Amino acid sequence: MTDKNINTIDLVNKNLKKRYRAEKRFQAYGILSICFGLMCLVFLFTDIISKGTRGFFYHYLPIEIHLDAEVLGITDTNDVHQILGADYTTLVKKRVYEIFEAKKRKEKKNARTLIAIDATGYRIQDLLKTNAASLLGTTITIDALVDDKVDFYLKRLGEKGEPGKEYFNEAQLLLIGKLLERQEGGFNKSLNKTFFTSGDSAQSEEAGILSAFMGSLYLLLVTFCLSFPIGIATAVYLEEYAPKNKWTDLIEININNLAAVPSIIFGLLGLAIFLSFFGFPRSTPLVGGFVLTLMTLPTIIISSRAAIKAVPPSIREAAYGIGASKMQVTIHHVIPLAMPGMLTGTIIGLAQALGESAPLLMIGMAAFIPDVPTAITDPSTVLPMQIFQWFRNADAGFSEKASAAILVLILFLVMMNALAVWARSRLERRW
Amino acid sequence: MENNTITDINDIKETVGIPLVDNAKMSMRDVDVFYGEKQAIFGVSLDIGVNEVIAMIGPSGCGKSTFLRCLNRMNDTIEICKVTGQLHLEGQNIYDSKLDVVPLRARVGMVFQKPNPFPKSIYDNVAYGPRIHGLAARRADMDEIVETSLRKAGLWEEVKDRLHQPGTGLSGGQQQRLCIARTIAVSPEVILMDEPCSALDPIATAKIEELIDELSENFTIAIVTHSMQQAARVSHRTAYFHLGKLVEVNETEKVFTNPDHSLTEAYITGRFG
């Protein structure tokens, strides 16, 4: 008997070591997976942030410029058409030639391509639009935008292989070098306000994120306003009211299937129904919102139903026991208790919608939209489409803009999530 | 050996004792309850007298909770549940298809096995019933209802300083008394209690039992319990259920000292259950 006991405990002890090892191994797998995930995340973020933040800044060259009414061709400072139609290009060009001391044709060409003449012209135009009378005839200092190639080169100065150098000829490099040596009045790097305040443009130095940002915002607004109430009403009805029969089973299966449909199919649906059949305006956040509502609804419905199911039956019983009607039980108890879960589902759905581009392709939201949309019926594009378009543009300035736009998109997402977390914590505190 | 003394369930044709009384608040006749194909209650006839405390005891699965839940139609929430027979509250058929369950449940309140306060403040828990039934026109009226209900439930002194804190923060026994306060806030005529103490410790249980005693002055109470001692302590009459049948109903003292039916005796002496 005693012998047998010792044997048993020995066996257990022997096994224990094995068990500990297995336990350690099991934990190690988990830690490894987390490390892998973190590594990918860190890699992704450092890459995006290092590239993206570059896009937020730009190089300017402060120049003094005499606003000569004669060169501009403005005779009446009150005439808006004259101010808008004035010849700013010539004015800026002339001044640039002076600065770079360019006299011959070739020298002039070299100098001209270093500065973004048109974009600088627009800046002067903006100034004159507000107070032409006082500024005309005076000399002002303005931050002229450098050409996007120059900006590209300057941002990478000191890097191995001098990227961007190949864009310029010897004479141009000499001019840039001269400006770089200047202590005052040389290039300065500052926040690129244009990027945040204007829409897309064919010139990368003038291209901004605002039109895509507003497009995304309107799109999400439409999507939220439609999918949240519809999704919750559907979930509540299916969970609380609908009889359990083969029809509701069929509906349930179809909702689950819809969640797995490739998003481009929803785009085709939107094209066929909203654009072709109903004739809604093309490329607008309104139609995009309809399409993305279809796409996000299954997500919202499924998670809302799960949240409603998770409300303890004892709460329902308690309310019924006092004599609450079905609607009172649902509105007073079930929905408030399920709301945090419903919000989580909605946020997941909306985050999907924010990053979606395939269905929007089908309804024409991939167009070049320089104007900032001011209503849900204005043509607009969205952040993911804008990123894609900038990335495939061969111009050096654009890929940087695309990285910056990715950062904006991520920030947008973070803000949305923060809002959801805040709303959820507020709701939970009430209980 | 024991089986010889226990009557076969199929032999139970009629309830022995005194299932019917003269001044009945609720009267049930030939009640059958089905869950789908399965019959859970077989032809139960029982009266519940005015201001009476009636205890329902019996082994697990004997149908005592099911029967209790018929009395305010809580079984309606279970789709496959079907109830037949006559169930009357003061002469009114409570299974009338035209009857609205909302006023019925306001008249026949219920306290559940597990304390289930709403995740709201103590005040809102008690005020919920009066609010949805529109019992208080002014805020002062509501305050009064809340206070009297909490007083009747013996909870007022303990919570009067924290009425606006969550009801879920109370202890188990306090929560159950809060649930009782919530039930009596709508001034029901009958209170159904489904094993109200099974999740509570002995001290909390004693408090609830005391409370039931006080409440019986104003309310008719039907209580389902697993504890025979509890039934003996709080009730006037005791009904013994066995496999869906009502075997015996008698004065509580008689049931626990000298039951008429051999099955009852077997159960209370602990031979099964």
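A:Ser403 is found in helix H18 (residues 396-429) of chain A, where helices (H or I, at least four residues) and strands (E, at least two) are DSSP runs numbered from the N terminus. At a relative accessible area of 6%, A:Ser403 is buried; buried means under 20% relative accessible area, exposed over 50% and partly exposed in between (1.4 Å probe, protein chains only). Neighbours within four places in sequence aside, A:Ser403 is in contact with A:Ile48, A:Lys51, A:Gly52 and A:Phe391, contact meaning heavy atoms within 4.5 Å.

The model is predicted, so local features need pLDDT of at least 70 and side-chain atom pairs count only at pLDDT 80 or more, while totals for chains, interfaces and linings use all residues. Residues are numbered from 1 along each chain as its sequence is written, chains are lettered from A and ligands numbered from 1 in the order in which they are written, and side-chain values use heavy atoms, with hydrogens and water left out.

**The interface**

Chain A contributes 18 residues to the contact and chain B 22 residues. Between them the two chains bury about 1700 Å², 65% of it on carbon and sulfur atoms; buried area is the accessible area (1.4 Å probe) that two parts lose on being put together, summed over both. The interface holds 1 salt bridge, a side-chain nitrogen of Lys or Arg within 4 Å of a carboxyl oxygen of Asp or Glu. Its partners are A:Glu317 and B:Arg69 (2.9 Å, N to O). On the chain A side, helix H14 (313-322) and helix H15 (326-355) each supply at least two residues, and H14(A) gives the most, with 8 residues.

Helix H4 (residues 122-133) of chain B is largely enclosed by the rest of the structure, because 9 of its 12 residues are buried. Among them are B:Ile122, B:Tyr123 and B:Pro130. The buried residues of H4(B) pack against H14 and H15 of chain A, together with helix H5 (139-152), helix H6 (156-159) and helix H7 (172-184) of chain B.

Over all chains, the structure holds 27 salt bridges.

| Pair | Closest N to O distance |
|---|---|
| B:Glu90 and B:Lys25 | 2.8 Å |
| B:Asp47 and B:Arg29 | 2.9 Å |

B:Lys25 is buried, at 9% relative accessible area. B:Glu189 lies in the loop between H7 and strand E8 (190-194) and B:Lys25 in strand E2, so their pair ties together parts of chain B that are 164 residues apart in sequence. B:Glu189 is partly exposed at 25%, as is B:Glu90 at 48%. B:Asp47 is buried, with 2% relative accessibility, whereas B:Arg29 is partly exposed at 29%.

**Aromatic pairs**

The whole structure has 20 aromatic pairs over all chains. Rings of Phe, Tyr and Trp (its six-membered ring) pair if their centres lie within 6.5 Å; planes under 30 degrees apart count as stacked, over 60 as edge-to-face and the rest as tilted. A:Phe280 and A:Phe290 form a tilted pair, because their ring centres are 5.4 Å apart and their planes stand at 50 degrees. A:Phe280 sits in the loop between helix H12 (263-277) and helix H13 (285-309) of chain A, and A:Phe290 in helix H13. Ring pairs also link A:Phe56, A:Phe195, A:Phe196, A:Trp390 and A:Phe398 into a cluster.
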